[in-house]
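Subject: Structure handover

Hello,

Here is the structure you will be working with. Please open it next to this email and follow along.

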Amino acid sequence: MKKQNLRSMAAQAVEQVIEQGQSLSNVLPPLQQKVSDKDKALLQELCFGVLRTLSQLEWLINKLMSRPMTGKQRTVHYLIMVGFYQLLHTRIPPHAALAETVEGAVAIKRPQLKGLINGVLRQFQRQQDELLAEFAQSETRFLHPDWLLNRLKKAYPQQWQNIADANNQRPPMWLRVNRNHHTRDAWLALLEETGMSGFTHAAYPDAVRLASPAPVHALPGFDEGWVTVQDASAQGCMTWLEPANGEQILDLCAAPGGKTTHILEVAPQASVMAVDVDEQRLSRVYDNLKRLGMKAQVKQGDGRKPAEWCGETQFDRILLDAPCSATGVIRRHPDIKWLRRDRDIKELAQLQSDILDAIWPHLKPGGTLVYATCSVLPEENSQQIVAFLKRTPGATLRDTGTPECPGQQNLPGAEEGDGFFYAKLIKE
């Protein structure tokens, strides 16, 4: 395998996210295929890290360069960011970080700019302490775009800083133990035999947090379906859905299939339909079902037009994991901070509302609908449910908040799950 310059690859990936609005989860995998297994992790660390700390790196460039790099030189702007990130946030020896980053200019066919890159990075090293002290007093220090910070301040006047801090951390690795194979404690004992350790979750009975992240194939029984990678808050959906054997259950907006398979672990004899609008992402649902040896009816379809994919069918239970801003999972997807726009929130809230109204007639009388998002914004969560209850006769909120302040909102935390919202609705 030809040796690639990882720094230039990271710079190009970040450029595609910021300048072209592409998702890192689309940009990164093809690049990782070009490098050795050992280098895959470093490439990921550089891309995720630069996007996590982007505002700091941008601030430093503005301090150290008299004018921005534009046009065809723009990749060099991101290459310098990759250099700053290594010097600030990794254990890579500074001389190696510098040498590899400067060499990145050759890989992107800008060898004439090696001197410039070297000069800016060395100047940063000389002035690092003063620059970081100044940055710590700046408005930019929270590493979030202004529009999002303003929304967090308004929604959580006491907690917004904790939320921003949590978003800027590396995420914990949560697993879901398949109760059909082992109890959680029995699987934890197997984990400890391998020399790893994990912690349980107080509220979610299948959840285990690894003391430190590990490759999935190192986990006991991963390939046999004993355990699945899934955040604790995503697992919380089952607490409210309470699926039972013999029921017809719809998992709407189901890709990549983590909740579909969790339903079938809790209720192996349930009849489950998994629907998502994105055909490509449905392949992940099939992969998850196959690894766990499960069967579900998987369909591509638009949640606003259920008659097209389920006719007149009515379900005992519906899990609607609605399309949302994903502001609760920023620590897992730092590109969200830079891909989302303020105007998106209103559009997403309208889409959620349309799906809720369209799918409600497909819930049997006495049935349960759990509305869930991985957002922390009230417009997509509590306000969405207040409006739905007002316009929907026969819809009752159960076990999750009050009609005036509906739902349960989880916020991201170092030893907790991601930001997540749930509301449990019963049809009279």
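**Salt bridges**

K424 is buried, with a relative accessible area of 6%. Here buried means under 20% relative accessible area, exposed means over 50%, and partly exposed lies in between (1.4 Å probe, protein chains only).

Two notes on the source. This is a predicted model, where local features need pLDDT of at least 70, side-chain atom pairs count only at pLDDT 80 or more, and totals for chains, interfaces and linings use all residues. Residues are numbered from 1 along each chain as its sequence is written, and side-chain values use heavy atoms, with hydrogens and water left out.

Which residue pairs with K424 in a salt bridge? The partner is D399, with the closest N and O atoms 3.3 Å apart. A salt bridge is a side-chain nitrogen of Lys or Arg within 4 Å of a carboxyl oxygen of Asp or Glu. K424 lies in strand β12 (residues 420-427) and D399 in the loop between β10 (395-397) and β11 (408-410), so the pair ties together parts that are 25 residues apart in sequence. Helices (H or I, at least four residues) and strands (E, at least two) are DSSP runs, numbered from the N terminus. D399 counts as exposed, at 53% relative accessibility.

Salt bridges that share partners also join D231, R331, R332 and D418 into one network. The whole structure has 21 salt bridges.

Now take E45 and R170. Their side chains meet in a salt bridge, at 2.6 Å from N to O. E45 sits in helix α3, and R170 in the loop between α9 (160-167) and β1 (174-177). They are 125 residues apart. E45 is partly exposed, with a relative accessible area of 21%.

R179 and D206 form another salt bridge, at 2.9 Å from N to O. R179 is in the loop between β1 and α10 (184-193), D206 in the loop between β2 (198-200) and β3 (207-210). They are 27 residues apart. Is each one buried or partly exposed? R179 is partly exposed at 39% relative accessibility. D206 is buried at 7%.

**Nonpolar cores**

In soluble globular proteins, nonpolar side chains tend to be buried together. A nonpolar core is a set of buried Ala, Val, Leu, Ile, Met, Phe, Trp, Tyr and Cys residues joined through side-chain atoms within 4.5 Å.

How many residues does the largest core have? It has 51, and L43, V50, I80, F84, I117 and F124 have the most contacts inside it. Elements giving two or more residues to this core include α1 (6-20), α3 (37-52) and α7 (114-136). Helix α5 gives the most, with 10 residues.

V50 touches V14, L57, M81, V82 and Y85, not counting residues up to four places away in sequence. Contact means heavy atoms within 4.5 Å. A second, separate core of 47 residues includes Y156, A232, W240 and I249.

**Helix α6**

A107 is in helix α6 (residues 94-107). A107 is partly exposed, with a relative accessible area of 42%. Leaving aside neighbours within four places in sequence, A107 is in contact with N5 and S8. The C-alpha atoms of A107 and G394 are separated by 63 Å, and the two residues are 287 apart along the chain.

Best wishes
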